[in-house]
Amino acid sequence: MNSEKPIYVTQPFLPPLEEFIPYLEKIWKSKVLTNNGPFHRELEQTQCRYLGIDYISLFANGTLALVTALQALRITGEVITTPYSFVATSHALLWNGIKPVFVDIEPDSFNLDPALIEAAITPQTTAIMPVHCYGRPCNIEAIQHIADNYNLKVIYDASHAFGVRDDGGSILRHGDLSVLSFHATKVFNTFEGGAIVCPDAKTKTRIDHLKNFGYVDELTVVAPGINGKMSEFNAALGLLQWKYVDQVLAERHRIDSAYRVKLEGIPGIRFLPLPEVQIGNYAYFPILVGPEYPLSRDELNDQLRQHNIYPRRYFYPLISEFPMYRGLPSARRDNLPVASEVASQVLCLPLYPELEESEQERISHLIRSFVKKGSL
Ligand SMILES: *Cc1c(COP(=O)(O)O)cnc(C)c1O
């Protein structure tokens, strides 16, 4: 149908291959492949320094980090969370035998709406697990206020929020714990990887035990821990990626700004204003396809695909629509009107460091062209 090269929603950033060889040579020479090796320790130190946090524990992926974060704080019963996220957020609750309670999102941030949290609290509620969706900070103060009043823990799924800073520093310092993902599709990747940001040495020690089967020393096992450790291969990749992190964020910023100009004023196409942060990470570029646009979101998606452009409907369907969740009372659509509407209109456009200006122009031009035609 189309000879132009395909444009996917994201393309992982990879440093030049030859720069990775020296890291591999070190691993081959030392034969230390995992279990808190030198690259693992160095990446933890580098991340603390760069992110402006005190303690971090690296993981094999973000999902294991979420599962372990809940165990570290001994969360049980019910946890209030958002339906507007990647499914791993709620899956981590089910893996711990915890019941998710879905609360709707704010229309202008797509994050958990603090005004609706109190009504969802029951005697079984032990924690709130919000997501900094698209790297936009949640209403942290309001959420903490409720958590303090009801003695609840707060675990942020910060998978999208790598590098984001507010006036006081990294947004990863908020809540009791924050969880990161370094999956291939994320702003910072180690192929697969994740981390828990923790407030003190004691919590980090407990988490380090939990991600290593519960081992404290050679003979002592204190909990039914999991194997969640990051390998030396992935940690080495992280150290190499680190050298490019500022460049990657600058490229993302440039692309985000260009979309804002190119898509300006298209009837029925809305996008979120820049978040109020010191440093953003431009992780995603979601647009909402409203009723004034001549095509529905799914029609626009299909049209773009026919032109070899592959955006993604993050997040559709809502987590609450999947079979293992939809029977929950909080999963009903009338409990989640904002999330349901946003999920039906959202389309995340391609955004990655190597996306070319001409490709962005092609995408934006197409989206505008359907308005001129008025219909298909
Ligand atoms: C990517 C992602 C995860 C899962 O991370 P993995 O590293 O792929 O296990 C969890 N939550 C959100 C919001 C994500 O985007």
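Where is Phe-315 found? In this predicted model, Phe-315 is found in the loop between strand 15 and helix 10. A cis peptide bond joins Phe-315 to Tyr-314, with omega at about 10 degrees. Phe-315 is buried, because its relative accessible area is 7%. A cis peptide bond also joins Tyr-316 and Pro-317; here omega is about -5 degrees. Pro-317 has its place in the loop between strand 15 and helix 10.

A search of the whole structure gives 25 aromatic pairs. One of them is formed by Tyr-8 and Tyr-310. The ring centres of Tyr-8 and Tyr-310 are 5.2 Å apart and the planes meet at 25 degrees, so the pair is stacked. Distant parts of the chain are linked by this pair. Tyr-8 belongs to strand 1 (residues 7-8), whereas Tyr-310 belongs to strand 15 (residues 309-310). The two tyrosines are 302 residues apart. Tyr-8 has 43% relative accessibility and therefore counts as partly exposed. Tyr-310 is likewise partly exposed, with a relative accessible area of 22%.

Phe-315 takes part in a stacked pair with Tyr-134. The centres of these rings lie 6.3 Å apart and their planes stand at 15 degrees; the pair is stacked because planes under 30 degrees apart count as such. Tyr-134 sits in the loop between strand 5 (125-129) and helix 5 (140-150). Phe-315 sits in the loop between strand 15 and helix 10 (337-345), so the pair ties together parts that are 181 residues apart in sequence. Tyr-134 has a relative accessible area of 5%, so this residue is buried. Phe-315, at 7%, is also buried.

Which residues do ring pairs link into a cluster? The members are Tyr-84, Phe-110, Tyr-134, Tyr-284, Tyr-314 and Phe-315. Phe-110 lies in the loop between strand 4 (99-102) and strand 5. Phi of Phe-110 is near 65 degrees, a positive value in a residue other than glycine. The relative accessibility of Phe-110 is 1%, so the residue counts as buried.

A positive phi is also found at Asn-151, which is not a glycine; the value is about 60 degrees. Asn-151 occupies the loop between helix 5 and strand 6 (153-157). Is Asn-151 buried or exposed? With 71% relative accessibility, Asn-151 counts as exposed. Phe-110, in contrast, counts as buried.

Charged side chains also meet aromatic rings. The charged end of Lys-186 sits over the ring of Phe-86, 6.0 Å from the ring centre. The charged end of Lys-211 sits over the ring of Phe-59, at 5.5 Å from the centre.

Arg-297 was considered in turn. This arginine has its place in helix 9 (residues 297-306). Arg-297 is buried, because its relative accessible area of 3% falls under 20%. The side chains of Arg-297 and Asp-298 are joined by a polar contact of 2.7 Å. The Arg-297 side chain also reaches the backbone oxygen of Ala-343 at 2.8 Å. What separates the C-alpha atoms of Arg-297 and Asp-256? The separation is 20 Å, for residues 41 apart along the chain.

The surface carries a nonpolar patch of about 270 Å². Leu-14, Phe-191 and Phe-233 make this patch. Phe-191 is found in the loop between strand 9 (177-181) and strand 10 (194-198). Phe-191 has a relative accessibility of 37%, so the residue counts as partly exposed.

Definitions and conventions: Residues numbered from 1 in each chain as written. Predicted model: local features only at pLDDT ≥ 70, side-chain atom pairs only at ≥ 80, totals over all residues. Heavy atoms only, no water. Patch = residues over 30% accessible without salt bridge, like charges linked within 9 Å, V, L, I, M, F, W, Y side chains within 5 Å. Areas by Shrake-Rupley, 256 points an atom, 1.4 Å probe, with all protein chains shown as cover. Salt bridge = Lys/Arg side-chain N within 4 Å of Asp/Glu carboxyl O. Helix = DSSP H or I, 4+ residues; strand = E, 2+ residues; numbered from the N terminus. Buried < 20%, exposed > 50% of the residue type's maximum accessible area, 1.4 Å probe, protein only. Phe/Tyr/Trp six-rings, centres within 6.5 Å; stacked < 30°, edge-to-face > 60°. Lys NZ or Arg CZ within 6 Å of the ring centre and 35° of its normal. Polar contact = N/O pair within 3.5 Å; in protein donor to acceptor, adjacent residues only side chain to side chain.
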